[in-house]
Amino acid sequence: MQGILNRFMRIGSDPAGAGRALMFTLGIPLVSLVLFMALWGAVASNIQTSLGVLPGPVQVLAQTKSLWDDYLGEQARRSAFYERQEKRNAELKAQDPSYEPVIRAYTGKPTYLAQILTSLKTVFAGFLLATLVAVPLGILAGSSRFVQAAINPIVQIFRPVSPLAWLPIVTLLVSALYVTHGEPMFEKSFLVSAITVTLCSLWPTLINTAIGVTSVDRDLVNVGRVLKLPLMTRVRKIILPSALPFIFAGMRISLGVGWMVLIAAEMLAQNPGLGKFVWDEFQNGSSDSLSRIIVAVFTIGLIGFGLDRIMQLLQDLSARR
């Protein structure tokens with residue numbers, strides 16, 4: 001992002017260079033996108049699936065608008081539901097001053113936007129938990145050969161495990177251990193998805209953090225030891241600033257892995273979110289289902305791209321400090 005801004009700031013001094021930068025930044029990507037849409041539209045009408053003809057860009061755009069209209073309609077029904085409750089409670093209160101108003105929660109069908117928000121909350125919870133585990137472990141592994149040798153077999157064994165293998169184990173453990181009385185703080189479906197994301201996404205951050213710590217200039221580490229700085233001071237003042245680029249690189253990879261894992265976990269476990277939306281539409285089998293699935297595919301891709309850009313921005317901001 002900073003490189004792009006610097007190119008545009010040099011427009012006055014180098015118009016030809018600025019033109020080339022604009023072409024590579026906007027021109028070529030836009031042409032590529034237009035060609036992709038044209039090819040998609042031309043090929044789609046010739047492909048017949050069990051759910052009908054493969055939808056093209058026009059049909060997918062129409063279903064995007066339909067999903068937005070569904071959201072607006074559901075919001076209107078929600079508002080009307082609470083307005084009716086308030087009106088009814090006001091009438092009962094007027095008849096009986098001792099009456100205690102009761103507000104029941106709206107239980108309508110979750111909208112597409114609600115399922116997007118559910119997936120985002122889940123992936124951030126799993127990613128945050130993975131980061132809190134992976135960064136300290138990575139610092140320990142990078143600082144101590146003993147710790148590195150101890151956890152290396154665990155990393156090598158569990159890192160390649162698919163989320164589809166973790167999911168049933170996590171589901172059984174959460175069902176057995178998360179026993180609540182009354183209203184639970186977290187839904188079991190949320191915990192299952194978030195923990196599955198954690199188990200699959202912590203490894204890139206752990207490995208990159210360890211590599212970053214081992215790459216710290218040994219002279220700086222030795223100076224900290226000579227000055228007899230406390231361990232936490234050395235970590236905060238010497239190790240973390242030097243290893244930060246590696247840590248952020250691992251976090252970016254972990255967040256991307258976590259987002260992919262979450263969609264698969266939601267589909268398999270039928271937990272609320274975008275994955276469940278895709279599976280429900282596939283099971284629905286209506287003429288619009290395939291278009292809605294493609295809308296979800298674009299949504300998943302755009303959100304993944306946005307999450308990566310956010311992590312890149314945070315990395316750039318931390319580098320300037």
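How many helices and strands does the secondary structure of the chain contain? The secondary structure amounts to 11 helices and 2 strands, as seen in a predicted model. The legends below describe the whole chain and then several close-up views.

Figure 1. The C-alpha trace spans about 80 × 65 × 45 Å along its principal axes. The radius of gyration of the chain is 26 Å, whereas a compact globule of 321 residues would have one near 20 Å. Of the 321 residues, 32% count as buried. The chain exposes about 19800 Å², and carbon and sulfur atoms supply 68% of this area. Among contacts in the chain with a separation of 6 or more, 69% involve residues 24 or more positions apart.

**Figure 2. Close-up of the largest nonpolar core, a set of 36 residues.** In soluble globular proteins, nonpolar side chains tend to be buried together. The members that touch the most other members of this core are Y112, M251, W259, L274, F277, I303 and M311. At least two core residues are supplied by each of α2, α3 (57-95), α4 (112-143), α7 (188-214), α9 (231-269), α10 (274-284) and α11. Helix α9 provides the largest share of the core, 11 residues. Apart from residues up to four places away in sequence, F277 touches L67, Y112, Q115, R292 and A296. A second, separate core has 9 residues, including A134, A141, I151 and A210.

Figure 3. With a relative accessible area of 12%, I239 is buried. When neighbours within four places in sequence are left aside, the contacts of I239 are S143, V213, V216 and R234. Between I239 and S143 there are 96 residues of separation in sequence, and their C-alpha atoms are 9.2 Å apart in space.

**Figure 4. Close-up of the salt bridge between R292 and D70.** Side chains of opposite charge can pair when their charged atoms come close. Here the closest N and O atoms of R292 and D70 are 3.3 Å apart. R292 belongs to helix α11 and D70 to helix α3, so this pair ties together parts that lie 222 residues apart in sequence. The structure holds 7 salt bridges.

**Figure 5. Close-up of E74 and its salt bridge with R77.** E74 lies in helix α3 and is buried, with a relative accessible area of 8%. The side chains of E74 and R77 meet at 2.7 Å, N to O. Because R77 and E74 are 3 residues apart in helix α3, about one helical turn separates them. R77 has a relative accessibility of 47% and counts as partly exposed. Beyond its neighbours within four places in sequence, E74 is in contact with Y106, G108, K109 and T111.

**Figure 6. Close-up of the salt-bridge network of R252, D308 and R309.** R252 forms a salt bridge with D308, in which the closest N and O atoms are 2.9 Å apart. Since R252 lies in helix α9 and D308 in helix α11, the pair ties together parts 56 residues apart in sequence. D308 counts as partly exposed, with 23% relative accessibility. R309 is linked with R252 and D308 in the network.

**Figure 7. Close-up of a nonpolar patch on the surface.** The patch is formed by L33, F36, M37, F298 and L302, which together have about 460 Å² of accessible area. Two or more of its residues come from each of α2 (15-44) and α11 (289-320). Which helix gives the most to the nonpolar patch? Helix α2 does, with 3 residues. F36 is placed in helix α2, and its relative accessibility of 44% makes it partly exposed.

Notes: Residues are numbered from 1 along each chain as its sequence is written. This is a predicted model: local features need pLDDT of at least 70, side-chain atom pairs count only at pLDDT 80 or more; totals for chains, interfaces and linings use all residues. Side-chain values use heavy atoms; hydrogens and water are left out. Patches are made of residues with over 30% relative accessible area and no salt bridge: like charges are joined within 9 Å, nonpolar side chains (Val, Leu, Ile, Met, Phe, Trp, Tyr) within 5 Å. Accessible areas come from the Shrake-Rupley method with a 1.4 Å probe; for residues, only the protein chains shown count as cover. A salt bridge is a side-chain nitrogen of Lys or Arg within 4 Å of a carboxyl oxygen of Asp or Glu. Helices (H or I, at least four residues) and strands (E, at least two) are DSSP runs, numbered from the N terminus. Buried means under 20% relative accessible area, exposed over 50%, partly exposed in between (1.4 Å probe, protein chains only). A nonpolar core is a set of buried Ala, Val, Leu, Ile, Met, Phe, Trp, Tyr and Cys residues joined through side-chain atoms within 4.5 Å. Contact means heavy atoms within 4.5 Å. The radius of gyration is taken over C-alpha atoms; the globule rule is 2.2 Å times the number of residues to the power 0.38.
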